[in-house]
Amino acid sequence: MKKIIVNGSFDILHLGHLRLLEHARSYPDSYVCVLIDSDQRIKKLKGSSRPINTEHERASLLAALRAVDRVEIFDSDKELISMIKEFEPDLMIKGSDYKGKPILGAEYCKEIKFYHRLGDFSTTNK
């Protein structure tokens, strides 16, 4: 089994998110774990008007997708890194906008691949 990890806010699930997760699932014998930011963490990072959807709504929507096997919620950098370390992923997939930027937990991933963003899909910039 190829253990794959993806993380992010996933607030207002859009086509770009779906394609990223389908890409993660496309690896043979893949098991896809999605780690999402807690509501509290999103408020700290993106402002008091965010998130639009609660962590439980976001987790439920993601868990309902065929491309996703597991969803967990994290509240801090330390917790994210700990979850990645514990999962021991073969592969972490990040959006191409992370190229050249520090990636939390990268040292616990056997490989990191970047997925080219689909169009201008982003809920952060809306």
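What is the mean pLDDT of the protein, and what share of its residues reach 70 or more? Then, which residues of helix α3 are buried, and what do the buried residues of α3 pack against?

Modeller: This is a predicted model, in which local features need pLDDT of at least 70 and side-chain atom pairs count only at pLDDT 80 or more, while totals for chains, interfaces and linings use all residues. Residues are numbered from 1 along each chain as its sequence is written, and side-chain values use heavy atoms, with hydrogens and water left out. The mean pLDDT (the predictor's confidence in each residue, from 0 to 100) is 93, and 93% of the residues reach 70 or more. Over residues 121–126, however, the pLDDT is below 50, although this stretch has twelve contacts (heavy atoms within 4.5 Å) in the model beyond near neighbours in sequence. Where pLDDT is low, the predicted coordinates should not be read in detail.

Helix α3 spans residues 55–63, helices here being DSSP runs of H or I with at least four residues and strands runs of E with at least two, numbered from the N terminus. Its buried residues (under 20% relative accessible area, 1.4 Å probe, protein chains only) are Glu55, Arg58, Ala59 and Leu62. They lie on the same side of α3 because they cover an arc of only 100° around the axis, taken from the directions from the helix axis to the C-beta atoms. An α-helix has 3.6 residues a turn, so residues three or four places apart point the same way. The buried residues of α3 pack against α1 (15–25), β2 (30–37), α2 (39–46) and β3 (70–74).

How values were computed. Buried means under 20% relative accessible area, exposed over 50%, partly exposed in between (1.4 Å probe, protein chains only).
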